[in-house]
Amino acid sequence: MTTMESLIGLVNRIQRACTVLGDYGGGDNAFSSLWEALPSVAVVGGQSSGKSSVLESIVGRDFLPRGSGIVTRRPLVLQLHKTDQSSQEYAEFLHLPKRRFTDFAMVRKEIQDETDRMTGKTKQISPVPIHLSIYSPHVVNLTLIDLPGLTKVAVEGQPESIVQDIETMVRSYVEKPNCIILAISPANQDIATSDAIKIAREVDPSGDRTFGVLTKLDLMDKGTNALDVLEGRSYRLQQPWVGIVNRSQADINKNVDMIVARRKEREYFATSPDYSHLASKMGSEYLAKLLSQHLESVIRARIPSITSLINKSIDELESEMDHLGRPIALDAGAQLYTILELCRAFDRIFKEHLDGGRPGGDRVYGVFDNQLPAALRKLPFDRHLSLQNVRRVVSEADGYQPHLIAPEQGYRRLIEGALNYFRGPAEASVDAVHFVLKELVRKSVGETQELKRFPTLQAEIAAAANEALERFRDESKKTVIRLVDMESSYLTVDFFRRLPQEVDKGGNPAAAAAATATNTDRYGEGHFRRIGSNVSSYVGMVSETLKNTIPKAVVYCQVREAKQSLLNRFYTLLGKKEAKQLSQLLDEDPALMERRQQCAKRLELYKAARDEIDSVSWAR
């Protein structure tokens, strides 16, 4: 195989691989640009201009649907692969990858059926291409795109927009700078009315990438010829014009072999008084070789940019493969190691949320700095220490015996009743911190990129972490309730011993007189007000103490434990699991598995393409 054939064959293989991997035509796909960078040949012409006949002449096979009106209703991406002379010809469709067609009449039927599957048995069109590869020793390596024929009016069964729809579809291919335009025009019509030349002139005004093809030369009126066009006098292109003589309808009806048709075409030009001097540069065989040679020159010129694009794609794919993670080992030891690494990755992110670097830990401080003090301020001490309630509690405390000096039992009952109110804010603080920690677990699981591959393990880690948080919450509640109970179990006696002294030290005669009166009338209103005030002061002191000790207990029992031993029990259970159970934990998300496989295939494609380009691009 020559260097030229190797280069063009390489481009064909890359284009086909891109198509198989879903890169072709995906405007949002990061890799579709590789297809765009590779040159291809788009066949453009009006309806019944002879496009199908030209393609069949190049291939040497009768395989395209025929008929009146619009026959090509979907783009046909036709890739020709030259094989060894001894090889059998066959065709493959991308949508039927495991089926080889050796009967080209069946290829024609499948093109028609696949078109109908997309458009229905109507005259509608679709931009979704059909991909067909033909392997034959009688072709040159080429990629040709057969497009629906340009038309001027909509016929019955077609929407009024079809004229514009077809032109838009054609333009979407021929506007690309790497697209070579094969403009098909019938010789028996004025070139000035050619639909193909009109659109080619608009997208390629310099004519650098347009090849003009004149069909139906044998159908021109007697006494006329197309030399002005073929020799570039009527409309000049940078590339040469090529004349084609297609099979006649009679030949088609008789199923004349394409090889025989090629021979007749050569004989026509060789014996024609008008075109014999151009015979060596006419015909479908010459056109195929001309396109192949031009493709080689285009590919050579674009090799640096193609190589650069391939290298960039390789870098992007390797980065994505690192992001998706490499395939999991099969042995239990390696799987356990992988699971532990994933747990550590989650644990690291969870700690970052608590310690800073990621948001969330500040919400724990907000519980202590805002929610707890606000809850303590809202406790109903005013109602509990109202004059009426104080009188009732104190009066009931001593039963039938009047208290001698101070109503100690009344004090204790008032204080114990008041301290019980602290249970609510204490438990609420525990629950609030528990909610924050659960939310941080949820966030951390979602932010651990390595875990995204394994939804089962994600769920197990989240469940284990939440189970641990429940245990920490239960222990924390027991601790803060103990703190409250401790305050009510033993009262600070010094606080009350200082109360009379503070009154005496005040040096206020009116207050001293009031105190004397109170001592005289131990069941007067002033006496009960003072008891309520004293209890309120003591409760306020306890409140300040709990405002400091409750956060300490919560942090110690919940936050500290979550940082140090959130997954300890999960680690213990992991060590007891068998290989099958470990494998189930590493059951990946099918979408991610498919994505990794696609990336691996693309990576293999691009690396092989790069190596092959390096091996043939500069060969002589």
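User: Hi! What is the relative accessible area of K216?
Analyst: K216 is partly exposed, a class between buried (under 20% relative accessible area) and exposed (over 50%), with a 1.4 Å probe and protein chains only. This is a predicted model, in which local features need pLDDT of at least 70 and side-chain atom pairs 80 or more, while totals for chains, interfaces and linings use all residues. Residues are numbered from 1 along each chain as its sequence is written, and side-chain values use heavy atoms, without hydrogens and water. For K216, the relative accessible area is 22%.

User: Where is K216 found, and what is its phi?
Analyst: K216 is in the loop between β8 (210–215) and α7 (227–230); helices (H or I, at least four residues) and strands (E, at least two) are DSSP runs, numbered from the N terminus. Most residues other than glycine have a negative phi. K216 has a positive phi, near 60°.

User: How are α14 and α20 oriented to each other?
Analyst: Helix α14 (residues 387–397) packs on helix α20 (residues 525–565) with axes 9 Å apart and an angle of about 95°; axes are lines fitted to C-alpha atoms over the stretch in contact, and angles run from 0 to 180 degrees between N-to-C directions. Angles of 65 to 115 degrees fall in one class, so α14 and α20 are roughly perpendicular.

User: Which residues of α14 make the contact with α20?
Analyst: Contact means heavy atoms within 4.5 Å. On α20, the residues are E525, F528, R529, I531 and G532. On α14, they are L387, V390, R391, V394 and S395.

Technical notes: Angles under 35 degrees count as roughly parallel, over 145 as roughly antiparallel, 65 to 115 as roughly perpendicular and the rest as oblique.
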